[in-house]
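This briefing sets out the voids, the chain interface and the backbone exceptions of the structure shown below. Please read it alongside the sequence and the coordinates.

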Amino acid sequence: MATIDIYDEEKIARLLFVQRAQGIDFSLDLDWSQSIDLKKSFLPLDHNAILFPKASEEQRLVISQFIGLMVAATISELEEVACRLKGPTWENVLRKFPVNPEIHEMGELFYEDEKKHSAGFRRYIDLFAEKVNVDPVDLKVLLPSSDKTLSSKIYHLNSLAGGMAIWWLIAAVEEESILIFDHMRKSRREIDPLYYDLHKAHYEEEIRHKSYASIMLQVNSEFARVPHSIVLRKLDFILAEILNITWTFNQLFKVKNFKKLSSANPFFKILSELEPLLRDQSSLSVIHHLFTTAPYIKNMLHLSEHQHIRHMLERFGAKKIPLHYFKGAS
Amino acid sequence: MYCIDSISRNGEVFHYIDVGSSNQNASLVILLHGFPDNAFGWNLQITTLKDHFHVIAPFMPGTLNRHTVPSERLKTEELKKDLFEVLNKVRVSQTQRVYILGHDLGAFLGESFAKDLGQDIKGIIFLNGMGLEQFVSRKFKLTQWFKSYYAFLFQLAFVRALVYEVLPDYFLKKAYDHSIVPLHDEIRNNDNRVLSTIPLYKHLFRDALKFIRKKPGRLTIPALFLWGKDDAFLNIPNLDEVDQFYATGTVRVLDGGHWIMRSRFDQVNRIILKTLNQWEKTS
């Protein structure tokens with residue numbers, strides 16, 4: 001990805017203009033009147049159906065839909081975290097290290113977009129809950145959440161100390177969501193149209209504003225020159241990786257709550273039937289698959305494997321956890 | 001070549017470049033150079049601004065002609081009186097809009113002048129410089145103390161003499177090298193005339209003491225801070241600092257050093273022109 005010169009106010013103004021002109025209204029530009037097609041998948045699966053090689057066709061469909069909901073919830077929650085930490089991780093940084101008003105305006109638009117995306121994915125989850133006749137609150141108990149988690153608090157503390165760990169997470173999640181849509185494109189006909197359209201709109205906006213995380217990291221790199229900032233710059237990505245891995249595993253453990261909703265709808269009944277299939281595998285084998293073969297999940301656990309992130313790590317001299325020891329065939 | 005005019009006050013001549021726009025209603029832009037520099041240091045901006053504005057670029061006493069300037073003449077109050085005389089001479093009417101651009105020490109003078117003129121000044125642009133009160137507000141910033149070490153050395157008469165009379169070329173080279181002025185830039189041909197305002201540091205130090213305990217005053221004049229990010233002498237102002245002194249202050253940081261209007265003149269000129277035009281519309 002071409003790097004943006006943060007001092008080139010004309011170029012940044014131009015990018016801002018394009019982002020504003022091509023912005024998508026998630027309420028009006030998506031056809032929310034179309035019902036969710038429960039006969040279609042949400043995300044393409046590999047031949048192992050994540051962790052369930054012996055899953056039936058019906059189970060594969062449900063797995064695909066549930067992983068789709070998990071991805072939707074992850075994007076929604078992590079973009080919500082970014083918005084909650086706007087003050088300490090963005091406003092305070094640019095007040096301390098102002099570069100030009102265009103970067104500030106671009107940031108305002110970035111957060112507007114993030115709020116919009118978060119609300120869009122949340123709306124989809126609520127629609128799904130309505131479709132399968134469960135309370136959205138009960139459904140969300142099964143899905144990733146970032147509200148009042150330890151991770152959020154640590155990101156906040158990191159930003160108060162002058163760290164930029166949240167921006168590494170933002171960069172990685174944005175890259176991941178772009179890759180997810182690239183993957184979805186190949187199976188468009190099999191995917192629920194509303195889910196596809198939501199990801200497509202998200203993808204288009206992410207492509208336009210994904211440079212912003214890099215801009216913020218560059219501002220910090222250029223101007224934060226005190227010794228502890230230099231140390232944090234080296235370690236921020238490692239912190240983001242650790243928090244991300246622990247958060248991901250914490251969210252995955254929520255699958256134990258499937259049984260609570262098994263009587264509500266066949267969808268949850270099928271989900272709860274997957275648990276025995278998981279028990280057939282050893283914990284070590286499950287963890288190994290999560291890190292190496294499970295699509296979507298392994299990418300969330302290997303933030304440093306994203307090409308864009310690798311370039312940024314090199315550019316900013318940040319360290320990463322040597323997770324390549326866990327890499328297997330994808 | 002520029003038209004260089006002058007005023008005379010109490011036996012001392014104060015020179016200034018006067019480049020008038022053909023439009024008699026054009027607003028006035030006053031360019032105040034810093035140290036070690038003279039009004040010719042603004043030539044890259046004058047070339048652009050003269051087509052849109054009436055441009056005045058004063059020479060600080062001694063920087064044009066080789067004559068000894070009495071130290072008292074370099075007090076801020078005296079320099080402001082000179083500027084008032086120039087303004088009264090060149091201004092076509094009391095309603096003509098006036099803008100100030102100040103670099104380095106010129107910014108100290110410009111800000112003080114703007115305070116005195118009040119609503120007559122419609123905007124002020126600081127290039128790697130700021131008002132004295134704002135500078136004093138940095139009294140607890142260790143990095144600023146380190147960067148400003150020379151200002152303390154210039155309080156000593158023998159140091160001033162050493163710089164001005166014994167080692168001018170060495171000092172000028174060091175100053176321009178630290179400021180990332182391009183090697184081919186014509187200001188590197190400056191001689192010790194541009195050092196004649198060195199006693200300004202003595203007067204500014206005394207003026208600064210007035211602001212140590214003073215509560216900051218906030219100007220309503222719109223202000224733009226244009227800064228080379230690698231300024232070896234002054235820290236880039238942050239927005240909290242700017243907000244203390246200006247109701248409408250903007251900071252723009254460019255890739256360059258202390259003489260940003262030389263090393264990035266294209267970008268600087270573009271920003272200055274755009275800013276002045278915006279202020280023209282709103283004032």
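The rule counts 7 cavities of 30 Å³ or more; on a 1 Å grid over the protein atoms alone, a cavity is a set of points where a 1.4 Å probe fits but cannot get out, and lining residues have an atom within 4 Å of a point. Grid points are joined across faces, edges and corners, and a volume is the space filled by probe spheres set on the points. The model is predicted: local features need pLDDT of at least 70, side-chain atom pairs count only at pLDDT 80 or more, and totals for chains, interfaces and linings use all residues. Residues are numbered from 1 along each chain as its sequence is written, chains are lettered from A and ligands numbered from 1 in the order in which they are written, and side-chain values use heavy atoms, with hydrogens and water left out.

**Largest cavity**

- The largest cavity holds about 230 Å³ of space.
- Its lining comprises 17 residues, and M70(A), V71(A), T74(A), Y296(A) and M300(A) lie nearest its centre.
- Two or more lining residues come from each of helix 2 (57-84), helix 7 (165-185), helix 10 (227-252) and helix 14 (297-301) of chain A; helices (H or I, at least four residues) and strands (E, at least two) are DSSP runs, numbered from the N terminus.
- Helix 2 of chain A supplies the largest share of this lining, 5 residues.
- By class, the lining of the largest cavity has 12 nonpolar, 4 polar and 1 charged residues; Ala, Val, Leu, Ile, Met, Phe, Trp, Tyr, Cys and Pro count as nonpolar, Asp, Glu, Lys and Arg as charged, and the others, Gly among them, as polar.

**Largest pocket**

- The volume of the largest pocket is about 890 Å³; a pocket is an open set of points with protein on both sides within 12 Å along at least five of seven lines.
- It is lined by 33 residues, of which K96(A), F97(A), F223(A), A224(A) and R225(A) are the closest to its centre.
- Both chains contribute elements with two or more lining residues: helix 3 (86-96), helix 6 (150-160) and helix 9 (211-223) of chain A, and helix 5 (142-147) of chain B.
- Helix 3 of chain A gives the most, with 4 residues.
- The pocket lining divides into 14 nonpolar, 9 polar and 10 charged residues.

**Interface of chain B and chain A**

- In contact (heavy atoms within 4.5 Å) are 16 residues of chain B and 14 residues of chain A.
- The two chains bury about 1300 Å² between them, 48% of it on carbon and sulfur atoms; buried area is the accessible area (1.4 Å probe) that two parts lose on being put together, summed over both.
- The rule finds 6 salt bridges across this interface, each a side-chain nitrogen of Lys or Arg within 4 Å of a carboxyl oxygen of Asp or Glu.
- One salt bridge pairs K229(B) with E222(A), with the closest N and O atoms 3.4 Å apart.
- Over all chains, the count is 39 salt bridges.
- Another salt bridge links E102(A) and R252(B) at 2.8 Å, N to O; E102(A) lies in helix 4 (residues 101-131) of chain A and R252(B) in strand 8 of chain B, so the pair joins two chains.

**Backbone exceptions**

- A cis peptide bond, with omega about -10°, connects F35(B) and P36(B).
- P36(B) is placed in the loop between strand 3 (28-32) and helix 1 (43-49) of chain B.
- N10(B), which is not a glycine, has a positive phi of about 50°.
- The loop between strand 1 (4-9) and strand 2 (12-19) of chain B contains N10(B).
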